[in-house]
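Please consult the sequence and the structure shown here alongside the text.

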Amino acid sequence: MSRPRPIILDRPANRDTAAQWCRTAPIGTVIEFRAPTRSDAQNSALWGLLGQVQRQRPTHNGVPMNPELWKAVFMQAWGAEVTIFPTLDGTGFFPMGMRSSKLTTGEMADLLTFILVWCAQSGLTVEHFEEVA
């Protein structure tokens with residue numbers, strides 16, 4: 001069986017197509033329903049916010065930070081399972097674990113709010129939500 005493309009149940013025709021795929025799928029086929037993942041605007045806001053955090057807090061507990069590491073720190077504090085590994089040469093670290101691209105729009109909104117609250121409590125200034133080069 002060829003793998004059908006993802007389909008968004010946003011109109012009757014797409015619901016009909018999904019129903020047809022279900023009717024003709026082989027016995028034992030697994031179907032997964034999930035909420036929409038984060039939007040491009042939310043992703044841009046996240047990286048813009050992480051860049052602002054990194055510029056204002058370039059280290060965390062003595063560890064040089066970059067936006068990717070800050071993302072892992074915030075996701076872990078927010079409740080996502082994240083593990084930080086040392087690099088092969090021992091000069092830094094990298095995160096492994098939950099990816100923000102897999103978050104639903106609601107989860108991403110919660111994560112952004114969590115980061116904004118931390119920024120306010122930590123005295124950081126947040127000026128915008130768009131990524132700046």
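Is Asn61 buried or exposed? With a relative accessible area of 74%, Asn61 is exposed; the classes are buried under 20% relative accessible area, exposed over 50%, and partly exposed in between, with a 1.4 Å probe and protein chains only. This is a predicted model, in which local features need pLDDT of at least 70 and side-chain atom pairs count only at pLDDT 80 or more, while totals for chains, interfaces and linings use all residues. Residues are numbered from 1 along each chain as its sequence is written, and side-chain values use heavy atoms, with hydrogens and water left out.

**The loop residue Asn61**

Asn61 is placed in the loop between strand S1 (59–60) and strand S2 (63–64). Strands (E, at least two residues) and helices (H or I, at least four) are DSSP runs, numbered from the N terminus. Although Asn61 is not a glycine, its phi is positive, at about 50°. Most residues other than glycine have a negative phi.

**Packing of H2 and H3**

Helix H2 (residues 40–56) and helix H3 (residues 67–78) have axes that come within 9 Å and cross at roughly 105°. Axes are lines fitted to C-alpha atoms, for helices over the stretch in contact, and angles run from 0 to 180 degrees between N-to-C directions. H2 is therefore roughly perpendicular to H3, a term for angles of 65 to 115 degrees. On the H2 side the contact (heavy atoms within 4.5 Å) is made by Leu46, Trp47, Leu50, Gly51, Val53 and Gln54, and on the H3 side by Pro67, Glu68, Trp70, Lys71 and Phe74. These residues divide into seven nonpolar, two polar and two charged; Ala, Val, Leu, Ile, Met, Phe, Trp, Tyr, Cys and Pro count as nonpolar, Asp, Glu, Lys and Arg as charged, and the others, Gly among them, as polar.

Lys71 of helix H3 counts as buried at 10% relative accessibility. Not counting residues up to four places away in sequence, Lys71 touches Leu46, Trp47, Leu50 and Ser100.

**Aromatic pairs**

The whole structure holds three aromatic pairs, that is, rings of Phe, Tyr and Trp (its six-membered ring) with centres within 6.5 Å. In one of them, Trp70 and Trp118 are 5.6 Å apart centre to centre with 50° between the planes, a tilted arrangement; planes under 30 degrees apart count as stacked, over 60 as edge-to-face and the rest as tilted. Trp70 lies in helix H3 and Trp118 in helix H4 (residues 105–121), so the pair ties together parts that are 48 residues apart in sequence. Trp70 is buried, at 1% relative accessible area, whereas Trp118 is partly exposed, at 22%. Together with Phe74, Trp70 and Trp118 form one aromatic cluster.

Asn14 belongs to helix H1 (residues 12–24), and Gln52 to helix H2. Each has a polar contact, a pair of N or O atoms within 3.5 Å; within protein, one must be able to donate a hydrogen and the other to accept it, and residues adjacent in sequence count only if both atoms are side-chain atoms.

| Residue | Relative accessible area | Side-chain polar contact |
|---|---|---|
| Asn14 | 13%, buried | Ile8 backbone oxygen, 2.9 Å |

Leaving aside neighbours within four places in sequence, Asn14 is in contact with Ile7, Ile8 and Leu9. On that basis, Gln52 is in contact with Thr125, Val126, Glu127 and His128.

Key. Parallel < 35°, antiparallel > 145°, perpendicular 65-115°, else oblique.
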